[in-house]
Amino acid sequence: MWEDVCGRLGLVEAIRNNICYYANGCVAIVEAVATGQVDAAFGWTAFGHLETGRIEIVEMPKDQQVMRGRV
């Protein structure tokens, strides 16, 4: 997903050079953010329900959002 978002903005290489963690699934992404292993991550708005109060969800502008499945 990060490549979809960053590709639209011409930021793929700039972001790729800063990737320091590869998570195996959504829960691992949320846990990495919640424990401070990473500063930020791309994910779904539903991640906020997994760790209420432990992570901050920042919604991207609508024109930069990636939709999967049904909308």
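E13 and R16 lie three residues apart in helix α2, which means that about one helical turn separates them; helices are DSSP runs of H or I with at least four residues, numbered from the N terminus. E13 forms a salt bridge with R16, with the closest N and O atoms 3.4 Å apart, a salt bridge being defined as a side-chain nitrogen of Lys or Arg within 4 Å of a carboxyl oxygen of Asp or Glu. The model is predicted, so that local features require pLDDT of at least 70 and side-chain atom pairs are counted only at pLDDT 80 or more, whereas totals for chains, interfaces and linings use all residues. Residues are numbered from 1 along each chain as its sequence is written, and side-chain values use heavy atoms, with hydrogens and water left out.

The side chain of R16 also meets that of E3 in a salt bridge, at 3.6 Å from N to O. This pair links distant parts of the chain, 13 residues apart, with R16 in helix α2 (residues 12-16) and E3 in helix α1 (residues 2-9). R16 is partly exposed, with a relative accessible area of 35%, and E3 is likewise partly exposed, at 41%; the class lies between buried (under 20%) and exposed (over 50%), computed with a 1.4 Å probe on protein chains only.

The structure holds four salt bridges, among them that of R54 with E31, in which the closest N and O atoms are 3.7 Å apart. Because R54 lies in the segment after α4 (47-50) and E31 in helix α3 (residues 26-34), the pair ties together parts that are 23 residues apart in sequence. R54 is partly exposed, with a relative accessible area of 41%, and E31 also counts as partly exposed, at 32% relative accessibility.

Notes: Helix = DSSP H or I, 4+ residues; strand = E, 2+ residues; numbered from the N terminus.
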